[in-house]
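Here is a short report for a reader meeting this structure for the first time. Please have the sequence and the 3D view at hand.

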Amino acid sequence: MSKKETIVITGATSGLGQLVAFELGRRRFDLILTARSKERAEATRKQIQEIAPSTKVDFFYGDFSLLKDVKRVGSEITVAYPKIDVLLNNVGIHAFVPRITSEGLPEMIAVNYLAPWLLTHMLKPSLQNAREARVVNVASEASQRHGILKLPDDLTDTTPFTSRGSSPIYGKTKLLNIMFTAEVARRWAGTGISVNALNPGFNVTGLGRELWFASVLERLLKALRIGDPRKGADIITRLIVEPEYQKMTGGYFNVGTGKSIEPVAPGGDVVMQNKLWEATEDLLVKKGFLSKNGL
């Protein structure tokens, strides 16, 4: 890709998002990054400039657990960048305690699924203007352990859960990412935008930072060379830059091999993918983040 191409990366101040920003900065992409903390954003900007001094870095600030922030950030980016070549939906959390956002939504569903859904749609005009654009969604094989999918109830389920009970909910958010990827790819056929998801594998990043023993565990895993996040960053980068993935859409690809993965049921079910889409649209309309005629 040429140095004039632009990429939006959510959750870019730590973990996989930051590593991918470093790599694409080296490759002369213009970087449009989202962050909550200005302090962490400036630290990231400094690191990128040390690696690639000529790279353009532009930050937009918002809390992606709040859809009003997602919509505002999406609007700001669209105004500032009428052409975007790549959107990487990377932001994500694994919450080990239940939290309800001020908008009345379960936090993990809001951050991991509803935020990328809404941002993707906000940026569609800018992506279409690139003629050949890519949307890359970070999913996970944690989706294999998603419990029972109940639509539309799961999108607003604020039932309390334990630390152990958090894992099926996290897995469910990743299943929803895979299903959304397939459905939006189908609906956007002919727009020139390819939409794919990936499994980054197990990565020692800040995702489990809410665990009291997270820092100790991270040091131990690094010493044992387990969970190297560079592997996860590599498959993300491949989906962004390699020509073969521009020609594919609606796929779900694996860390390491880069080969297609069959999602766990009902991830590949077209009827359920459509049902999820309709339930998501209905919820966002009801909450006032989407108009009945679209964005």
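The report below covers the sheet, its strands and the aromatic pairs.

## The model and its sheet

This is a predicted model. Strands of a sheet pair through backbone hydrogen bonds, either parallel or antiparallel.

Strand β2 (residues 30-35) runs parallel to β3, and 5 bridges join the two. A35 has Y61 in β3 as its bridge partner.

K38 lies over the face of Y61, at 5.2 Å from the ring centre.

## T6 in strand β1

T6 is found in strand β1. Its relative accessible area is 7%, so T6 is buried. What does T6 touch, leaving aside its neighbours within four places in sequence? The contacts are F29, D30, I32, K83, I84, D85 and V86.

In strand β6 (residues 193-199), 7 of the 7 residues are buried, so the strand is largely enclosed by the rest of the structure. In a regular strand the side chains alternate between the two faces of the sheet. Both faces of β6 are covered. I193, V195, A197 and N199 are buried on one side. S194, N196 and L198 are buried on the other.

Strand β5 (residues 133-138) runs parallel to β6, and 6 bridges join them. V135 has V195 as its bridge partner in β6. β5, α6 and β6 make a right-handed β-α-β unit. On to the other partner: β6 and β7 also run parallel, with 3 bridges between them. There, A197 has Y252 in β7 as its bridge partner.

## Aromatic pairs

How many aromatic pairs does a search of the whole structure find? It finds 7. A pair of aromatic rings is described by the distance of the centres and the angle of the planes. Take W117 and W277. Their ring centres are 5.2 Å apart and their planes are at 55°, so the pair is tilted. W117 lies in helix α4 (residues 107-122) and W277 in helix α10 (residues 270-287), so the pair ties together parts that are 160 residues apart in sequence.

F180 sits in helix α6 (residues 166-187) and W277 in helix α10. The two residues are 97 residues apart, and the pair links distant parts of the chain. F180 is buried, and so is W277.

The aromatic cluster takes in one further residue, Y113. Y113, W117, F180 and W277 form one aromatic cluster.

Terms used
Residues are numbered from 1 along each chain as its sequence is written. This is a predicted model: local features need pLDDT of at least 70, side-chain atom pairs count only at pLDDT 80 or more; totals for chains, interfaces and linings use all residues. Side-chain values use heavy atoms; hydrogens and water are left out. Rings of Phe, Tyr and Trp (its six-membered ring) pair if their centres lie within 6.5 Å; planes under 30 degrees apart count as stacked, over 60 as edge-to-face and the rest as tilted. Helices (H or I, at least four residues) and strands (E, at least two) are DSSP runs, numbered from the N terminus. Buried means under 20% relative accessible area, exposed over 50%, partly exposed in between (1.4 Å probe, protein chains only). A charge sits over a ring if NZ of Lys or CZ of Arg is within 6 Å of the ring centre and within 35 degrees of the ring normal. Two strands pair if DSSP finds at least two bridges between them. Contact means heavy atoms within 4.5 Å. A crossover is right-handed if, with the strands pointing away from the viewer, the path from the first strand over the helix to the second runs clockwise.
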